[in-house]
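Dear colleague,

I am passing on the structure below, followed by some notes on what was found in it. Please read the notes with the structure open beside them.

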Amino acid sequence: MKKTVSGRERQVSWGDTFVYALPALSLAVIGIPVYVFLPKFYTDTIGVNISTVGLLLMAVRLFDAVTDPVIGYVSDRTSSPFGRRKPYIAFGALGLALSILFLFRPPVLPQDAMTLYFGFWLFALFFFWTLITIPYESLGPEMTTDYHERTVLFSVRDGFLILGTLLAAASPVMIDAAMTSLGKIPTEKERFSIMAYIFAPMIVVFSLVCIYKIKEKYTRRMTDHLLKGFSDVLKNRPFMILIAGYTISALGSNLPATLILYYVEYVLQARNAEMFLLIYFVTGIVFLPVWIAVSRKIGKKSAWIISMVINTGAFSGVFFLGPGDAGVYGVLVFLSGIGFGAGLALPSAIQADVIDYDQLLTGQRREGRYIGLWSIAKKLAAALGIGIGLLLLGRTGYSPNVEQTESTVLTLKVLYALVPCLCNLVSIAIISFYPISEKKHAQIRSGIAHREQQST
């Protein structure tokens, strides 16, 4: 077995690393459609009110604030012949695939009925997304305890996530090209139907392959109570610093994700926003190995902070662009994309270390609990990003498919560019206090090993 950069034997083979990453690719392919394409599809094509869409997207993320920790808690306490995580991943994959088929292929209904239809299947999609994502992500910290191998494991997983996001971002272009070659120009409804027929089976197949191949390391159910367990989490100072900094940064990053189609069309007055997404995601994938190397040299925290500085410095210039500046915008997107992969993989690797710290404090492995809270942070940030962005656009008089007012364009530029940069600066200040280095993590693992020896 090959050795890790820490000089120890690998705890996870390369084959298992890539198999573990497969569901991330399939889950990512619905991220861009749900967060970026779906709001505009339901507002501009289906005819649902933009403020209503914003409220529903915000409400479903608040719903996640309840389901995420509950699913994490339940999976930690589950004992079955198949493991703690695998039954939820399998059932969640099937439910998520079904929800995609209904949400991406809406029937013709009156506006009020369509609003109810959209709301119901949106909530179903996010419930099943939680049911698969929380247990799936909880498998990762269990697979290896090596400080640097975790960075590689989560970099591969999040690299697949970026690749899936890239495929999703490119899917409208690829669908158009394929349909045009057949002599047909697809409608927006046809594009979403095709995406559903591709993405839904992919989620089921990749999830089943993962749970068949990956073995769960910890099978003993946890015995702590829900409220007691969460009170212990609040005492985990490194985790509280990490989740605070991550949440603020994620809030900033979700605003551009939600508003890029509006920004490109109404500020730059350009088309093909998908091409800019491709630039961003390809850059993130290409530079991900660089960030793995940087983190080995200077540590995960320092590498993450540097990536945010690069992203913020480049993206701040986007505020000053206007009609005809699509070329300059493409350059700034490329520069900001350099730090994109690090912003995904490094926080996940750091999160695994704070779960080890919790084991040192409590003697229990509670990945589900921490992943549930982490997921709340991600989804709360997305809810606020989507809700605030679309609600404020609605309040400034946004109307689809027409030239926007100066106040709407200014609001769009502030939300799209300046607010994310401010969020990153605040996040950097918070993350600078994070205390677990490679040396400190080695001490944590030594303490856990000592405790386990005493208990045997």
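Leu-390 is buried, with a relative accessible area of 0%, where buried means under 20% relative accessible area and exposed over 50% (1.4 Å probe, protein chains only). The model is a predicted one, in which local features need pLDDT of at least 70 and side-chain atom pairs count only at pLDDT 80 or more, while totals for chains, interfaces and linings use all residues. Residues are numbered from 1 along each chain as its sequence is written, and side-chain values use heavy atoms, with hydrogens and water left out.

Leu-390 lies in helix α14 (residues 367-395), helices being DSSP runs of H or I with at least four residues, numbered from the N terminus. Leaving aside residues up to four places away in sequence, the contacts of Leu-390 include Pro-39, Ile-50, Thr-258 and Tyr-262, contact meaning heavy atoms within 4.5 Å. Thr-258 is 132 residues from Leu-390 along the chain, yet their C-alpha atoms are separated by 8.2 Å.

In helix α16, the buried residues are His-441, Ile-444, Arg-445 and Ile-448. Seen down the axis of α16, these fall within an arc of 95°, so they line one face of the helix; the arc is taken over the directions from the helix axis to the C-beta atoms. Turned away from that buried side is a face of α16 that carries the exposed residues Lys-439, Gln-453 and Gln-454, and the cover over the buried residues of α16 includes α6 (147-181) and α13.

Conventions: Helix = DSSP H or I, 4+ residues; strand = E, 2+ residues; numbered from the N terminus.
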